[in-house]
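Reader: Hi! Could you walk me through the charged pairs in this one?
Author: Happy to, let's have a look together.
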Amino acid sequence: MPPKDDPVLRAVGGDALATDGLIIPRGAPSPPALTATSWLVADLDTGEVLGGCGPHVYGTPASVQKLLLVATVIDKLDPEQVATITDGDLAIEPYSSAVGLLKGGKYPVSTLWLGLLLNSGNDAANTLARLGGGRGGLPATVAAMNAEAKRLGAYQTHAVTPSGLDGPGQFTSAYDLALIARQCFAKPDFRKYALTERAQIPAQKKLKKGGFQIQNENKLIYNYPGALGGKTGFTKLARHSYVGGAERNGRRLVATVLGAEAAPLRGWQQGAALLDWGFSLPKDASVGKLVEPDSPDAHGTATDASAAPAPAAKDERPAATAVRASTNRGLSLGLAAAIAVVLAGAPLLLLLTQRRRRRLRRRTAVPR
């Protein structure tokens with residue numbers, strides 16, 4: 001179970017984002033109909049959030065959590081380093097996605113990254129996490145993943161496993177995934193791996209096992225012009241999750257999807273539909289902001305002045321200090337306060353008036 005909603009965390013990036021419902025720019029066309037329970041579209045370069053649905057609603061990540069592993073570890077490991085696979089690396093949930101690494105097998109780190117991103121290999125995730133954690137091993141990397149999430153401003157993200165296999169207390173949000181994806185797409189090695197269509201897993205001669213080929217399961221790269229890659233995810237608990245990026249006319253966008261069903265559109269197709277919608281919007285369209293890593297203004301400065309959010313429940317209202325209020329909102333609140341003062345004083349004024357009238361009647365009445 002995720003923690004109780006925090007009004008301040010729900011407003012990270014702008015108070016317009018603190019909604020369970022739809023938030024899009026005023027005058028924007030309706031976004032595509034999806035089965036996802038939450039989603040977000042953002043500009044990878046400017047950080048502007050173009051729209052979302054429940055962007056700060058907690059969700060279960062499944063294998064898109066592997067992007068947080070990438071963001072945390074990819075710069076620490078030499079792609080040419082060779083890893084020897086251990087029993088612990090292969091300790092994954094039965095029948096979950098795996099590259100097919102062999103105990104005692106030797107694989108370059110670059111091959112492990114390809115296995116992670118093309119085949120969503122949980123065995124590759126464990127191995128990379130063990131290597132990245134140094135003497136602390138996999139647990140140290142999971143701790144580093146959580147520290148990296150906080151550094152990026154992804155305050156609603158908590159990792160329990162490096163692979164995204166379900167664990168108690170593991171969660172994220174569509175907004176947080178966009179922050180994490182932005183960090184990944186800034187890394188040349190990630191962009192190279194994520195766009196690789198197929199790769200060869202080397203033979204293990206000492207183990208008398210031949211090599212084999214794997215293919216990229218992210219079908220966006222085959223079917224969407226300008227695709228930059230991304231990551232798919234699925235567990236029975238999380239359902240389908242997806243992160244995908246694309247470039248069009250020099251503009252790079254990312255779409256994040258949580259809690260989707262595979263029909264009528266698969267996860268990557270829902271991501272593609274959101275990217276199409278995002279590219280249809282003007283470049284200055286915005287309902288919020290992706291905060292910068294290590295940002296001194298962690299809660300962002302965007303407001304909802306240009307947005308049209310769905311009405312929020314009373315308990316969803318963000319804290320007043322979460323973002324800087326717009327001038328118009330300040331005027332509206334001031335006017336509301338003035339009206340409240342007048343209404344509150346009305347009963348007292350009426351009571352005083354009635355008492356004065358009774359005194360006047362007694363003075364003018366004819367004595368009997």
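Author: One term to begin with: buried means under 20% relative accessible area, exposed means over 50%, and partly exposed lies in between (1.4 Å probe, protein chains only). This is a predicted model, where local features need pLDDT of at least 70, side-chain atom pairs count only at pLDDT 80 or more, and totals for chains, interfaces and linings use all residues. Residues are numbered from 1 along each chain as its sequence is written, and side-chain values use heavy atoms, leaving out hydrogens and water.
Reader: Thanks! How many salt bridges does a search of the whole structure find?
Author: The search finds 14, a salt bridge being a side-chain nitrogen of Lys or Arg within 4 Å of a carboxyl oxygen of Asp or Glu.
Reader: Which residue pairs with Arg248?
Author: Asp276 does, with the closest N and O atoms 3.2 Å apart. This pair links distant parts of the chain, 28 residues apart: Arg248 is in strand 9 (residues 239-248) and Asp276 in helix 9 (residues 267-279). Helices (H or I, at least four residues) and strands (E, at least two) are DSSP runs, numbered from the N terminus.
Reader: And is Asp276 buried or partly exposed?
Author: Asp276 is partly exposed at 39% relative accessibility, and Arg248 is partly exposed too, at 31%.
Reader: Switching topic, which residues join Arg10 in a network?
Author: Asp5 and Asp20 do, through salt bridges that share partners. Between Arg10 and Asp5, the closest N and O atoms are 3.4 Å apart. Arg10 is buried at 4% relative accessibility, whereas Asp5 is partly exposed at 39%.
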